[in-house]
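Colleague: I have a structure open and would like to learn how to read it. Could you take me through some features?

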Amino acid sequence: MADGAQAFMERHPVLIGIHTGGVWVAERLHERLGLEEPLGTLDISFYRDDFSQIGIHPQVKTSHLPIALDGRHIILVDDVLHTGRTIRAALNEIFDFARPASIALAVLIVRDGRELPVQPDIVGAAVALKPRQHIKLTGPNPLGIKILEKTE
């Protein structure tokens, strides 16, 4: 992912990770890229389109955007891109704070099942899963990936 992000470095981007797995990935990427500006974090819990159905998640975290984002280039980082709904929620939250110049999407894993027209600019790996399988990022130390079977 760090190699893929190099094309965006001339824009002096701000890195923002989506809680929780995206923050873990963003921390590693931030370090590998040697960025000096602080890492931002987003908790999109209240921006989810299924919030009214699932209610308040017991582990809601705060968003932390330590610098102004107006006119800035952003690399938004998440762990797994599946339906695209998490990214849609993250974009809504970012635009509630500011109007950035651009947003590039970096994801550790891309999998099938997209429901929204969201495509990453930076990808760690692409994985095709069997029906009833899903990916779980574990971490933060060590950072790992598990492919699990749904039991429902």
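Modeller: We will go through the sheet, its helices and some backbone details. Keep in mind that this is a predicted model.

Colleague: Let us begin with the sheet. In what order do the five strands form the open sheet?

Modeller: First, the general idea. Strands of a sheet pair through backbone hydrogen bonds, either parallel or antiparallel. In this model, the order is β2-β1-β3-β4-β5, and the pairing is parallel. The edge strands, β2 (40–42) and β5 (122–127), each pair on one side only. On average, neighbouring strands of this sheet are turned by 25° against each other, direction ignored.

Colleague: Now β1. Over how many bridges does β1 pair with β3?

Modeller: Strand β1 covers residues 14–18, and strand β3 covers residues 73–81. The two pair in the parallel sense over four bridges. Look at valine 14: its bridge partner in β3 is isoleucine 74.

Colleague: And over how many bridges do β1 and β2 pair?

Modeller: Over three bridges, again in the parallel sense. Here isoleucine 16 stands opposite glycine 40 in β2. Follow the chain from β1 through α2 to β2: this β-α-β crossover is right-handed.

Colleague: Which strands does helix α2 lie across?

Modeller: Helix α2 (residues 21–33) lies across β1, β2, β3 and β4 (102–111). It runs at about 150° to β1. Helix α4 (residues 85–97) also lies across β1, β2, β3 and β4. Its direction is about 155° to β3.

Colleague: Back to β1. Are its residues buried or exposed?

Modeller: A residue counts as buried when its relative accessible area is under 20%. By that cut-off, five of the five residues of β1 are buried. Both faces are covered. Val14, Ile16 and Ile18 are on one side, with Leu15 and Gly17 on the other.

Colleague: On to the backbone. Which peptide bond near threonine 20 is cis?

Modeller: Most residues other than glycine have a negative phi, and most peptide bonds are trans. The bond from histidine 19 to threonine 20 is cis, with omega near 0°. Threonine 20 is in the loop between β1 and α2. Another cis peptide bond joins asparagine 141 and proline 142, where omega is about 0°. Proline 142 lies in the loop between β6 (133–138) and β7 (144–149).

Colleague: What about phi? What is its value at histidine 12?

Modeller: Phi of histidine 12 is near 50°, which is positive although the residue is not glycine. Find histidine 12 in the loop between α1 (2–5) and β1. Histidine 12 is exposed, with a relative accessible area of 58%.

Colleague: What is phi at arginine 132?

Modeller: Near 75°, a positive value in a residue other than glycine. Arginine 132 sits in the loop between β5 and β6.

Colleague: Why does arginine 132 count as partly exposed?

Modeller: Partly exposed is the class between buried, under 20%, and exposed, over 50%. Arginine 132 has 43% relative accessibility, so it counts as partly exposed.

Key
Residues are numbered from 1 along each chain as its sequence is written. This is a predicted model: local features need pLDDT of at least 70, side-chain atom pairs count only at pLDDT 80 or more; totals for chains, interfaces and linings use all residues. Side-chain values use heavy atoms; hydrogens and water are left out. Two strands pair if DSSP finds at least two bridges between them. Axes are lines fitted to C-alpha atoms, for helices over the stretch in contact, and angles run from 0 to 180 degrees between N-to-C directions. Contact means heavy atoms within 4.5 Å. Buried means under 20% relative accessible area, exposed over 50%, partly exposed in between (1.4 Å probe, protein chains only). A crossover is right-handed if, with the strands pointing away from the viewer, the path from the first strand over the helix to the second runs clockwise.
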